[in-house]
Structure formats: structure tokens, C-alpha cells
Amino acid sequence: MANQALKEEVARYWNKASCGTEYTDKSKYSAEYFNDIENLRYRIEPEIFSFAQFTRFRNKKVLEVGVGAGTDFTQWLRAGALAYGIDLTQEAIDNVTNRLDLENLKPQDLQVADAEQIPYQDNFFDLVYSWGVIHHSPNTVRCLEEIIRVTKPNGTIKLMIYNRHSLFAFYRYICTVLSKGNPFQSFKSVLYNHQESIGTKAYTLKEIRMLLKKYPVEIKHMKASVTNHDLLYYKSHLYQRAAYTIASLLGWNHVGWFMTIELNKKSNA
Ligand SMILES: C[S@@+](CC[C@H](N)C(=O)[O-])C[C@H]1O[C@@H](n2cnc3c(N)ncnc32)[C@H](O)[C@@H]1O
């Protein structure tokens, strides 16, 4: 599928429901609706706090790329950051706007925009943060280049992208092969066709290390710790024990679904 057509499909998918909003039955945009989304998010993905370190960016210019329902974006503002946010969909921007209004929080800017063409000037942000977004965009490398461009020299970039060599990717593969009866699909094609919006990609730690060598960034942190998704939190205790054992054998910091990457943009960039 051509890039533009694929991007329209991605936007159509996320415009139906922003990430996490499908898990609440409360009235849309009510305080209870946002509380449900926030509680569930941080119960399942508690690693977000130690990775994002929201409170370290008070009075700093922070851009969040792909705000979704705005749960993390709200944390930046609560922590006193000068927060800017973009998302490909109006649905996300509407969610975030309503959410911020409830808490009387004011972003510096919040707009529908494409991570492949970030609408801000070069060398502008102290931090660019993006959790689970750029692997959904047809040109993920272009998103990365844009993120590096708008980050200040010596500034920080924090990204989460999916890890193809993870327990979760393996389970998705097994489930898809069993349900579709086609064992001749690759991990890549299963994730591309069956993981959230069409065109989803997942990378290995090695692929990302190779890619980053081309850019003026230094890797401060990069790992793929095992998450609740890898430990099958939604399955029975027996499955969870099995997943726990496999994670112990394969390595807790390598086979997780979330690859977390912290980069420093070089000062001479
Ligand atoms: C899995 S959700 C993650 C949202 C949020 N970061 C979170 O963790 O809940 C993916 C989001 O990425 C957005 N997205 C996908 N491609 C994008 C692009 N090219 N530019 C901006 N946002 C994009 C989607 O609209 C969607 O809101």
C-alpha cells in the first residue's frame, strides 16, 4: 500500500478510538471516563513512570508525539512542563482537550499533525517523548529524523517502540497462525496485518542500534524489559507461570514487547 493510503488507514483506525478509551464504559469525556483510562494504563504499564520521569521536566519544553487519549500528556502538565502535543487524529486531540479542561491545565500547543512532518522549528525542545507511536506511521525512520531535528543539541529523546523479538510478538504469532491456519507467515507480517492499525512494525534491538548509528545521537539507555503484556496478565495463572518461566530463561531485559530508548542529541549536531 502506498505511504499516503496507508497513513489514511492508520488515521482512520485511531480516529475510531484513541488508545485505552475502549476499556471504559463511562460517559465520554467525564472525569470517571478519564480516571478509568488512567488507572488501567498505569496498572498495566507501570514502567512508563520510571521511563518518562515526568517530574524532571518542570519548566522544560517537552513535545509529546502521538498523545492518544492524553494520559501521559496530562502528567507533563501536572509536573509543570511546557508541554506541546501532536497526534495524527482529531479524536486524540478532542480527548486531550476535554481532559485538560477538566483539570484546568493549559498546554503550550496541541494540534493534529503528522510525526513525519513535525510542525515545529529545529533545535526547539528539551525533550521529545513518544510512547508507542512511530512504529504505526508508514515511514518510521522519517518520524525519527523529525524528532531528532526538533530536539535541542544536548536535549533528550525518549521513545518506546515495539520489539519484534519479544514474548508478546511470539504469542501474537502463535494466536494468529492458529486462528488463520497459515503457518507460513513471518512475525513481521503478523504484526503488520493484525496488531492494532494496519502497517504496524516492530524492530529488534540490533536493528535500532544499527539505525541510530546514522544520526547525531548517543544512546543513554536501551532495553526491552518484560512487560505485563509479555506475562499474559489477562490470562489464567497457569499461562502466567509459563510466561514467567520463559522470561526467566530468555532474559528480563531483552524479550519484552516495549523497547525503551533514551537518546541524547549530540551538542555539535
Ligand atoms: C498506540 S496509540 C499510543 C498513544 C499514546 N502515546 C499512548 O501511549 O496511549 C498510537 C497513536 O499514534 C498516533 N499516530 C500514528 N501515526 C502517527 C503519525 N504519523 N503522527 C502522529 N501521530 C501518529 C495515533 O493517532 C494514535 O493516537
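This tour goes from the sheet to one of its strands and then to the ligand.

The model is predicted: local features need pLDDT of at least 70, side-chain atom pairs count only at pLDDT 80 or more, and totals for chains, interfaces and linings use all residues. Residues are numbered from 1 along each chain as its sequence is written.

Start with the open sheet of seven strands, whose order is 3-2-1-4-5-7-6, with mixed pairing. Strands are DSSP E runs of at least two residues and helices are H or I runs of at least four, numbered from the N terminus; two strands pair if DSSP finds at least two bridges between them. Select strand 3 (109–112) and strand 6 (217–223): each has a single partner strand, so one side of each is left without a neighbour in the sheet.

Next select strand 1 (residues 61–65). Five of its five residues are buried, so strand 1 is largely enclosed by the rest of the structure. Buried means that 20 or more other C-beta atoms, placed from the backbone, lie within 10 Å of the residue's own. Lys61, Leu63 and Val65 point one way, Val62 and Glu64 the other.

In strand 4, Leu127 stands opposite Val62 and Val128 opposite Leu63.

Finish at the ligand. Of the 21 residues around the ligand, Trp14, Gly66, Gly68, Ala115 and Ser137 come nearest; a residue counts as near if its C-beta atom, placed from the backbone, lies within 6 Å. Helix 1 (3–16) and strand 2 (82–87) each supply at least two residues of this shell.

Methods:
Buried ≥ 20, exposed ≤ 12 C-beta atoms within 10 Å, placed from the backbone.
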